[in-house]
There are 2 protein chains.
Amino acid sequence: MVRTKDPAVRALLIERTAQLLRAREPVTLRAIVAGTGVSTMAVYTYFDGMNGLWQATRQEGFTRLTARLGAVTLSADPVRDLAALGAAYLSNALANPDLYRVMFDVGFELEDPAAADGTLDCLLRAVERAKDIGRFRSDVDALALATQSWAVGHGLVSLVATGPLPRQALDHGAPMLTALFIGCGDDPDTCRRSVRLGWHLEP
Amino acid sequence: MVRTKDPAVRALLIERTAQLLRAREPVTLRAIVAGTGVSTMAVYTYFDGMNGLWQATRQEGFTRLTARLGAVTLSADPVRDLAALGAAYLSNALANPDLYRVMFDVGFELEDPAAADGTLDCLLRAVERAKDIGRFRSDVDALALATQSWAVGHGLVSLVATGPLPRQALDHGAPMLTALFIGCGDDPDTCRRSVRLGWHLEP
DNA sequence: CGTCTAAACATAGCATTGCTATGTAATGTG
DNA sequence: CACATTACATAGCAATGCTATGTTTAGACG
């Protein structure tokens, strides 16, 4: 057992796939390896075929998303942070809409099923902090609210990026989150201010 | 100018495509025409290729969705109706998840761009009725609220049907819509009751 | 009614796709 | 240093969407 795979090649192929996706060029086996110097067989030794490559690409999308959410600078106002996380989610999805679409394509299961959980975790922690400082009622189901916030973001960005709604529709995110948070006990005026602060951080 | 296309063939091919989608079999040109008696050229005379067939299939999905929403029996309680429309939306998407995915696939534009508007119209009318009878404040932007309700439904069903959330997550729809409607001025207790009534009509 | 014509339709074959079979080169191990 | 095992390259296969070409059919017109 001797020759070992080069992780750099693996990353290269995934990056090249994301690049083709971004350029809206057809993602074919031969197009991927073109220019990389490696042969088509590399896709099979590293990913066991195109399916595996799609799988890995999907995983990479979630990894980038989680990194993006983790990079959001947290403040003393967890409700603001929640809105900021939502805005970062939308921003990430719109920055690479094609990668985003692959992420939510079935047929390619994730290598690490917990990757998607990373997205929820960021939201979950913010919700729990909001409960801790008394912004949300103590009987609020943190996981439920985190999931609902995710659904708001995903629904909007999905209808805009791959659906029939204009980009302007993303502005609905703020009032939707506000309604959600007020329903969890936050003071309406305070909530509106927090969401406004967090929501408009991203372009 | 003489021989005219047979609309039945057109419908047949679309139906066969939806059927392959439902059976999770690969939707290939030859698989579509197999068993129909027509040749592969039919796809080109009727749809100008596979792209056109996907386009038409996407359109068919929206048509069915709008029909499904239109079949929801309305009541004197427009807030209940809104929840019922949301439940019907989820029910329709889960009944044919593959057709639903095609509907929100870019790359295939709709033949009739107004088809997606039909979905919104049903919601819009319910919102306006709710305003008329004073359940929602008069300054509520009906189109905005309809869009937001759509985003809630789409976000949830999308995360469940083609994403990482379990089917159980659909239950979040009721509290999310409730929060939205209360934010529009509906009385909390009345709203909860209305949403509960409408939401649980569909399986 | 007969004829002509344009469209619907069938058949065959093309380039490209993902994939596999086969052969070669390279590298860690003993 | 030899060897075994894996990475990697090349060639070719079945299947895909599509097109070129020929045939059939249905409506318009005298």
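Mentor: Let us start with one pair of side chains: Arg24(A) forms a salt bridge with Asp98(A), and their closest N and O atoms are 3.6 Å apart. A salt bridge here is a side-chain nitrogen of Lys or Arg within 4 Å of a carboxyl oxygen of Asp or Glu. Side chains of opposite charge can pair when their charged atoms come close.

Before going on, a word on the ground rules: this is a predicted model, where local features need pLDDT of at least 70 and side-chain atom pairs count only at pLDDT 80 or more, while totals for chains, interfaces and linings use all residues. Residues are numbered from 1 along each chain as its sequence is written, chains are lettered from A and ligands numbered from 1 in the order in which they are written, and side-chain values use heavy atoms, with hydrogens and water left out.

Now the setting. Chain A is divided into domain 1 (1–48) and domain 2 (60–199), with bounds that come from an automatic or database domain assignment. Taken over C-alpha atoms, the centres of domain 1 and domain 2 of chain A are 32 Å apart. Each side brings residues to the contact: 7 from domain 1 of chain A and 7 from domain 2 of chain A, where contact means heavy atoms within 4.5 Å.

How much area is buried between domain 1 and domain 2 of chain A? About 570 Å², with carbon and sulfur atoms giving 50% of it; buried area is the accessible area (1.4 Å probe) that two parts lose on being put together, summed over both. In domain 1 of chain A, the residues that lose the most area to domain 2 are Leu21(A), Arg22(A) and Arg24(A), together 58% of what that side buries.

The rule finds 2 salt bridges across this interface of domain 1 and domain 2 of chain A. Another salt bridge in chain A joins Glu15(A) and Arg64(A), at 2.9 Å from N to O. Glu15(A) sits in helix 1 (residues 7–23) and Arg64(A) in helix 4 (residues 50–70) of chain A, so to speak distant parts of the chain, 49 residues apart. Helices (H or I, at least four residues) and strands (E, at least two) are DSSP runs, numbered from the N terminus. Chain A has 10 helices and 0 strands. Over all chains, the search finds 22 salt bridges.

Next, rings. Over all chains there are 8 aromatic pairs: rings of Phe, Tyr and Trp (its six-membered ring) pair if their centres lie within 6.5 Å, and planes under 30 degrees apart count as stacked, over 60 as edge-to-face and the rest as tilted. Phe136(A) and Phe181(A) form a tilted pair, 5.6 Å centre to centre with 35 degrees between the planes.

Finally, look at where chain A meets chain B. Here 27 residues of chain A are in contact with 27 residues of chain B, and about 2400 Å² is buried between these chains, 75% of it from carbon and sulfur atoms. The count of salt bridges between chain A and chain B is 0. Helix 8 and helix 9 of chain A each supply at least two residues of the side that touches chain B, and helix 8 of chain A gives the most, with 12 residues.
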